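Visitor: I would like to learn how to read the surroundings of a ligand and the build of a sheet. Could you take me through an example?

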Amino acid sequence: MVGLGRFGGQLAGSLIRLGHEVLAIDRNPDLVQRWSDQLDRVVQADATDEDALRQVGITDFDRVVVAIGASLEASVLTVLALVELGVSQVWARATSGKHAKILNSVGAHHVIFPEAETGERVAHLIVTRMLDFIEFGHDFAIAKVRVPQALAGKPLSQVRPIEHHGVRVLGAKHPGKPFEYASDSTVLRPESVLVVEGNLDQLQRFADLP
Ligand code: ADP
């Protein structure tokens with residue numbers, strides 16, 4: 001992974017917690033020093049330099065994340081160097097739509113845009129009553145929602161969420177009890193939290209039912 005700034009540092013920490021071996025490169029000696037006892041290997045190098053990347057053994061890794069945000073030039077040149085070295089999966093962080101386009105055109109295999117993704121996510125959470133959601137493409141999402149008051153106390157066989165609301169209730173979690181997959185006999189208790197699938201608009205409408 002290249003770049004131990006705020007985003008790269010969080011990502012490196014998560015990868016370590018998930019049990020992965022991480023080689024991190026940053027040109028800033030203070031950051032290299034700070035991370036040296038937490039990561040397997042931290043190297044101070046200029047990642048735009050193909051020879052330097054080769055020397056640190058980057059080609060032994062299948063997946064490399066370029067987490068540089070502020071310097072467009074360093075980000076693009078690093079991705080280019082990794083692609084030229086034949087790294088099979090280059091994940092690159094973009095900080096704007098144009099940056100994302102450039103990263104795609106120089107050969108990044110995956111472009112992530114954390115500020116835009118988080119911004120959009122938080123906007124949905126702020127304006128609706130969904131507690132959480134994850135979107136897969138444009139027409140499918142899974143959301144965590146409270147039981148709408150109008151439906152509280154009713155079994156799913158009566159609510160018929162697919163027919164009436166276009167969403168499917170996958171499961172329910174009652175406080176203090178384990179998650180249960182939903183069936184027709186599941187009763188929507190007022191204090192339960194539901195896991196529901198459908199498209200995002202329908203999920204929002206379901207969550208926002210009175
Ligand atoms: P953040 O917003 O996540 O803090 P920054 O873009 O400010 O992201 O930080 C990116 C990190 O990448 C910094 O620690 C910086 O030292 C490092 N970096 C920038 N250019 C290079 C480069 N050419 N080679 C190696 N590391 C770099």
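Visitor: How do the residues of the shell around the ligand divide into nonpolar, polar and charged?

Guide: Ala, Val, Leu, Ile, Met, Phe, Trp, Tyr, Cys and Pro count as nonpolar, Asp, Glu, Lys and Arg as charged, and the others, Gly among them, as polar; here the shell holds nine nonpolar, seven polar and four charged residues. This is a predicted model, in which local features need pLDDT of at least 70 and side-chain atom pairs count only at pLDDT 80 or more, while totals for chains, interfaces and linings use all residues. Residues are numbered from 1 along each chain as its sequence is written.

Visitor: Which of the 20 residues around the ligand come nearest?

Guide: A residue is near a molecule if its C-beta atom, placed from the backbone, lies within 6 Å of it, and of the 20 residues around this ligand, Gly3, Gly5, Phe7, Gly69 and Ala70 come nearest. Helices (H or I, at least four residues) and strands (E, at least two) are DSSP runs, numbered from the N terminus; α1 (6-17) and β1 (23-26) are the elements that give two or more residues to the shell, and α1 gives the most, with three.

Visitor: In what order do the strands of the open sheet lie?

Guide: Two strands pair if DSSP finds at least two bridges between them, and in this open sheet of three strands the order is β3-β4-β5, with parallel pairing. Because β3 (63-66) and β5 (110-112) stand at the edges with a single partner strand each, one side of each is left without a neighbour in the sheet.

Visitor: How many bridges join β4 to β5?

Guide: Three bridges join β4 (residues 89-93) to β5, and Trp91 stands opposite His110 in β5.
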